[in-house]
Structure formats: C-alpha cells, structure tokens
Amino acid sequence: MNKLHFTEISYVSPIGLSGGFGVCWKQGVLCKIMEADKNVLIGTIESDPPGISWNFMGIYGPPSMTGREFFWNRIGDMLANGSSPTVLLGDLNGTLADHECLYYTNQNNAARYSFDLRRMVARIGLIDLGCLGGKFTWFQKTSNSTGSNAIRRARLDRALASTDWRILFPNAIVELLTVSTSDHKPILLNTDGGVRCTKAQFKYELMWGRDPRCFWVVRNAWRERLHHNPMVNLYRKLKRTRDHLQRWNKTHFKKIHQQVTEAKNDLAKIESNDQISWPLLSMASRAHVSFVGKKLKNSLHLFWKCTFTKAIWFSIGWGIRTEMVTATDWKQWMEGFWKGPNLPPNIDFYDFMVTCLCIVESVWKERNRRVHGEMEKDIMQISRSIRQKINDHIMVSKKIVHEITEWRPPPLDWVCCNSDVAVSPVGSILSAVIRDDMGNIISISSQESRVTLPKLAEAKAVCLAAEKAKDLGLKKIMFQSDNIGVVKAFEASMDICMDFMLQDSKVRFNNICSKFSDWGIVHVSRKCNYMAHNIAKWAAVKNVLGNICHEEVEDSVLDDLREYICGIHHMSILNE
C-alpha cells in the first residue's frame, strides 16, 4: 500500500478463508475509525470538504440468511439516530430489486430475496448512487438442469447515501472497474465524477409558464406523498416533476425549434403579401358567421377585411364596421386611427391598440386551429375571450391584478369538474359542470339537497361532480371548488378527516375517485368558478334538476366572466 502512497490503514482480519476487509487513506486525509467488525467498518472524514464531517460505512453484508435481519436493523438504527451525512459502500450481499439477479434458481437465495436490506433502505430513505460501466458487479459460472452452462449475475456491490450526503456531493457517481482475478468487479466512488457527465441537464423553459396547462402538470406531479421522510419526499417529487414536464414538453410542444422556424417563414410570407389560402371553413355559431372560402390577399385582409374578422370587430363593444374604413395597407390604416377620424369617440388610442393586439392574436390562433384540423371555437366564445384579454391587459397596466380572473382549461386529455351550491334556509341546490381540455361543455347537472350548511353542501357538490364523471366513463379528472375547507379535507392523504362534518363526504369522494386512473382537486377563486356558481343560482330560481342540456340554459348563465343576476324576489338565496 505504501507504493500507492496510502500511509494509514485499518484492517479487519478474515476468519479462515472468509471475510476480511479494510480501509486505507493517504496522508492529509483526516479519517477516524469509530467501529470495525467482520461486517461493517465505520469511520468519519473531516478533511473533504474542509470543515464538514461526514460518515462512511464499509459494508460486507452477511452472505447467509442467519443474522441478516439483525444486521440490517442495526445499520438502519445507526442511520436513523445519526445526524451526519453518511454513505454506505461495499459488498452488500443483497439486491434492491429482483431484476438485479439473473439465473438464480434457488428461491431461498439470500442475495436475490434481500427483504431485510430493502426494508432498511425504504425506512431510512437511502439514495442509490447508481453505477456507470455495467449493470452487474458479481459473476459466477454455473450449470443448469439441461446441462448447458450459464453465468449467474447480480448487482451485489453498490453505494447508498443519505439525502444530506447526496446534497453535500451532488456530482458523486459510482464507476464499475474491471478485474481478472475475482468474481467481484470493484466499484469506485468518485465524488467529483459527475462533472464529466455529458448528459444534458434539465432546464425549466419560460415558455411553459405561459401555458396555463403547466400549472396542472406540476400540480399532478406533487399530488402524492412519495415517502414518509420529508427530505426524500421532496427529492422524489422534484424528480417526478422533472419527468412530467419533460414528457409534457415532448407531447405538447414537440419540435419547438422547427415550429418557430415554420412560424417565422409563414410570417415572412404574410408580410411580403404572399398568397395564403384557407380551406372553406364554416363557423357553427349563433351569429352564423363563416370564413371566406377564397384566397386571402394579405395580412390586412386576414385581420381586418374577411367576413369572420368583421364580425369580431363589430361584436367587441365599439360597433366598428371595417367596411367603412378605407385602407389599402397597414400604414394607411394606422394613419386613419392615430389622431384620425376612424378612432371611436371617448376611446384612448392605447386602449384601442390593446384591443387590436388581442383580436389579432385570437384570429391567428383560430386560423391555425382550423388549418390543422383542430376543434373550432364558437364565435361568441372567442368574443368573450377577447373581452377578457382586453380587461386583463388594462388591469396589468394599471397594476390592479390580484388573482386569476377567468377559468382555464385542464391539461391535454384531462377534464375539469367545477362545482358550487346555492343555499337557502330550507335546503340547497348542488351544481356540477364538466368541461374538456378545449373548454367544451361535456355535462351540466344539478341536484337538490336538504343540507343548509354551506361547507357540507359544497362537499356534496364535489361528490356530485365525481359521480357524474364516473358515470361518463372519464379517467383523468381535475376537480375545482371555491371552498378551501372542502379542498383541504378531500386532498389530504389520510383516510380520517380532521373535520368530522366532512368525514362521510370524504369517504364517498375517495371511493368514487378510486375508479379514475388519475385525479386531483384544487381550490380556485369565485372568479374561476362562475359557470358552476351561475348554474346553481339559475337551477334554484328555475327549479331545474337533473341533467341539463347546455343549449337550454341562458347565455348569461354559461358566462365564465361574470355572475348571473337573478330577479329581486329570488334574492333570499345565499350562494357559497
């Protein structure tokens, strides 16, 4: 060892031909051996990094079933009662998964079925540092029942670290080395080896945050409790969030650089007055407006002169008739509105341009949606969305935005269930609205209840939404309620509800949700729950119960942006 400049050594002698292992360190390393026996060698390192001490355990796991449970329980208790970062390294004589063994025929094999080791790792929350250079660390040639030769393989040698140690050495990796004189391949724990890894690091893209569905992707990743240890739970949730965002990015944004290039080319064609053609597309709407089935001459024609855009400009609130404005290009159009006669009276030019930008964005999105064969939006729905965007822009400019001001669709392939109640002194009306990821209404329902307590009625309304989703055969559900007490009770992982009033509703809700492949429940403000809120009021006033066809409901009730106002004689109804 002196030839390798290892000046210090601690060694446990073998018993006969079995066992025996040790640890060596070079001059300058502050290492102190705390305990040593035939199965474990425990020491403390204080010089790397300077001023911070951490523990290491050299392990030679019991090779037979005898004493394995006592040994791993003892190691687990040491780690649980210790406070220093710790790493375990060596021949554990056990695996963490059945697939880490090949050609093991003995069902009682101690290495393959290492349940005591696995229980200890799960209880303490140790992190497997992996292995670069191969999957197996131990090999043995053997013969099977057919007379042919086979090689038994297993990953018996590994390194396990506590969460604190992993944070202390984020670049640590385990490398598998080669050897010709042993059935075990040596492993090397390199605390700085990760800096050589060429795998691209995960980076959060700012464009994700501008998509409202990103919230639901992250929320879904954080919904479950993944470990009882808070630090391990945090680590696993962060890892799951990374995986969910990467999968969502591939399916939702696909080849983003290619899309950006194509969009720039399309924009260059429009700006150069190149001919672009749309297919003959009809608009199924109350206004009976349709797109023009001929080639659009340029961007001015697209955003100002075509039949569909004319309807948008006229319905936005100012009653602008585009055919009354004479303009052959954008420069002439701008001169007519900038201190010109075309600007609507009592309208600031800045507010007018904000409206222009919102209309241009919405028209372009609808054009792309139809060209690519996606589901069309109703023209009234587009107009409402534009008005809300205008309002949001003005609120942001005046710095008066305090919360989300409108309902947002769920992620792709999910549905959103909103629920609310209208409470009166004699009972309540429950409502549930289910919409898909495009915002289209799938189901509207209402139900009468004798409950007069608002929170209990809200809980029953969420259960009503869950039952309707189950009856429709839906699989991925996001529930939204504006009662934070109900949401906290239903999203808790415990079976027992801290609010005894909601216990029966929570059990009912969990039983229904067990039929879904995935689900979540979140609290939203009243402004994000207007449609369910309005349905409850309207159903109470009109005495409408059961499944409701949305075509039979007044437009003011199906409004996501404002509250439904009922008659004076119905004002005794209290909404929650």
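Colleague: Where does histidine 550 sit?

Modeller: This is a predicted model, and in it histidine 550 lies in the loop between strand E19 (546-548) and strand E20 (574-575).

Colleague: And is histidine 550 buried, exposed or partly exposed?

Modeller: Histidine 550 counts as partly exposed, because its relative accessibility is 34%.

Colleague: What does histidine 550 touch, leaving out residues up to four places away in sequence?

Modeller: With those left out, histidine 550 touches Ile441, Ile444 and Leu558. Take isoleucine 441: it is 109 residues from histidine 550 along the chain, with the two C-alpha atoms separated by 7.7 Å.

Colleague: Which residues is isoleucine 386 in contact with, neighbours within four places aside?

Modeller: Isoleucine 386 is in contact with Ile312, Ile316, Cys358, Ile359 and Ser362, once those neighbours are set aside. For isoleucine 316, the C-alpha atom is separated from that of isoleucine 386 by 7.8 Å, and the two residues are 70 apart along the chain.

Colleague: There's a cysteine in that list. How many disulfides does a search of the whole structure find?

Modeller: The search finds 0 disulfides.

Colleague: Let's go to the surface. Which residues form the nonpolar patch?

Modeller: Ile167, Trp222, Met231, Leu234 and Leu238, and together they have about 460 Å² of accessible area.

Colleague: Which helix gives the largest share of the patch?

Modeller: Helix H6, residues 230-252, with 3 residues. Methionine 231 has its place in helix H6, and it counts as partly exposed because its relative accessibility is 36%.

Colleague: What about threonine 241, buried or exposed?

Modeller: Threonine 241 lies in helix H6 too, but it counts as buried, at 10% relative accessibility.

Colleague: What does the side chain of threonine 241 reach?

Modeller: It reaches the backbone oxygen of lysine 237, at 2.7 Å. Not counting residues up to four places away in sequence, threonine 241 touches Val218, Ala221 and Trp222. Trp222 is also one of the residues in the nonpolar patch.

Colleague: Last topic, backbone. What is the phi of asparagine 93?

Modeller: It's positive, about 50°, although asparagine 93 is not a glycine. You'll find asparagine 93 in the loop between strand E6 (86-91) and strand E7 (101-102). Its relative accessibility is 11%, so asparagine 93 counts as buried.

Colleague: And asparagine 543, where is that one found?

Modeller: In the loop between helix H16 (530-542) and E19. Asparagine 543 has a positive phi of about 60° and isn't a glycine either.

Colleague: Is asparagine 543 buried or exposed?

Modeller: Asparagine 543 is exposed, with a relative accessible area of 61%.

How values were computed
Residues numbered from 1 in each chain as written. Predicted model: local features only at pLDDT ≥ 70, side-chain atom pairs only at ≥ 80, totals over all residues. Heavy atoms only, no water. Disulfide = S-S within 2.5 Å. Patch = residues over 30% accessible without salt bridge, like charges linked within 9 Å, V, L, I, M, F, W, Y side chains within 5 Å. Areas by Shrake-Rupley, 256 points an atom, 1.4 Å probe, with all protein chains shown as cover. Salt bridge = Lys/Arg side-chain N within 4 Å of Asp/Glu carboxyl O. Helix = DSSP H or I, 4+ residues; strand = E, 2+ residues; numbered from the N terminus. Buried < 20%, exposed > 50% of the residue type's maximum accessible area, 1.4 Å probe, protein only. Polar contact = N/O pair within 3.5 Å; in protein donor to acceptor, adjacent residues only side chain to side chain. Contact = heavy atoms within 4.5 Å.
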